[in-house]
Amino acid sequence: MRTILSIFVLLLALQATVNAQCAISEKINWSKEYEGKFLKDFEVKQSESNVTRYSVILKKDTQYALHFVNPSTSISNIKLYVSDSEKYPVTLDTYVDSEKNSFVSRFKVDKKSAYHLFIEFNEKCDNECVVMLLYLEEEE
Amino acid sequence: MNNSIDNIFRDKVAELDSIPKEVEWTPEKGWASYQQANNHKAKPLRRFILTATSTAAAIALIVALAVNSNIFAPEVIALQNQTDSITEQQLPNGSRVWLNKNSSIAYSVRKSGEFTMDIDGEVYLETAGTAKAPYTLRAGNAIISIKSQAALNVRAYPNDYDIDITVTNGSVKVADNILGQGLSLLVTKGNYCSVSRTNSLVYATLNNNPNYLAWKTGEITFDNTPMATVTQVLRSFYGQDIEIADDSIAYIRFTGTYTNLSLDSILAAIEDKTAIKATRLHNKVIISK
């Protein structure tokens, strides 16, 4: 009985290790293998208000791609939107609910300006939550 | 030539003994008529224009020479910290600045109060009172504008990919010289802004790094922090190459607050609280299980 319990605990520990390694390796894989120009990675944490905001200057007619990677679980119930300075959504008003632990979302803006990128968590998310990778896909 | 003709004419007039009675002519009338015919006397308007143009040209020449030789440019004062400790300096406008190791600034204050500072390395700046004129800080391609009282940390080491601006008090505007100065992000207290040196990316968000002022305060805090971040902080603070031997260690969490301790003391505390070993190998610290 003690041996079975020990094996069970060991399997759990191995699973946790695999998940942790998955986060790092996946982040590296996205960065290296994706064709777009890698701009930045963000470790997105859930704030008290459940909404994390990034203010960012975006270029006109440029396609950006946001890759979400969760180290330990599937990406679920996250709302994404890009708003202007008046806080009206201008593009990328979408829900992310994926069975996988990664998700890609693309967006463009028609005016070079300062925008807000909102990431709204609708479920409790521990620690880093998600790693967000920003890529530049097409530039005119 | 004209003068000699005048003289000949004067001599000829002087030689005349008398003038016929029927002629209503006098030497004065003749002289006036001669001058009018030859436009000898400059018109007042023409003379005024000539004087004004000459004066303006002379002034323009003096101004151009002065600007070219930087006579009107304010004095630029440079400070450099090449010591192993931080330095603090009070500036002529009452602001206070702290310089981290291997950091330098060059600043100037105009009579209007306009303050300009170039930053290389890491500095913490506390501006004094309400500024008479805007403060402009330049760090790499980042341009920071301050219009009211503020305190901020600027990290801009030439080898870092990004320039990080963390606002402790007040608010600042951050623009990227490459993206265009017309566009800027407002960064308020408790937030930080990152300006990429190469990727034309400027973003601002809530500051989650409690150790951004560790270089100034000597205090390092870890609150359930993953080991990947712990080693990053220690690497930056102590300038020591630290390597994680196994990816699985990266997510092991660590908590503790340390003030003015040596790296060895903190590594000993990590070993004590976790199942991690820190080994010095050549000039590296290897973190393993």
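**Cores of chain B and a sheet in chain A**

I'll start with the largest nonpolar core, which has 60 residues; Ile165(B), Val172(B), Val174(B), Cys193(B) and Val202(B) have the most contacts inside it. By nonpolar core I mean a set of buried Ala, Val, Leu, Ile, Met, Phe, Trp, Tyr and Cys residues joined through C-beta atoms within 7 Å. Buried means that 20 or more other C-beta atoms lie within 10 Å of the residue's own, with C-beta atoms placed from the backbone. Apart from this core lies another, of 14 residues, including Val230(B) and Leu267(B).

This is a predicted model: local features need pLDDT of at least 70, side-chain atom pairs count only at pLDDT 80 or more, and totals for chains, interfaces and linings use all residues. Residues are numbered from 1 along each chain as its sequence is written, while chains are lettered from A and ligands numbered from 1 in the order in which they are written.

Now chain A. Of its 140 residues, 24% count as buried. Chain A has one helix and eight strands, taken as DSSP runs (helices H or I, at least four residues; strands E, at least two) numbered from the N terminus.

Four of these strands form an open sheet, in the order β1-β8-β3-β6 (chain A), with antiparallel pairing; pairing requires at least two DSSP bridges between two strands. β1 (37-44) and β6 (102-107) of chain A are at the edges with a single partner strand each, so one side of each has no neighbour in the sheet. Strand β3 (residues 62-69) of chain A is joined to β6(A) by six bridges. Across that pairing, His67(A) is opposite Val104(A).

Key:
A residue is buried if 20 or more other C-beta atoms lie within 10 Å of its own, exposed if 12 or fewer, and partly exposed in between; C-beta atoms are placed from the backbone.
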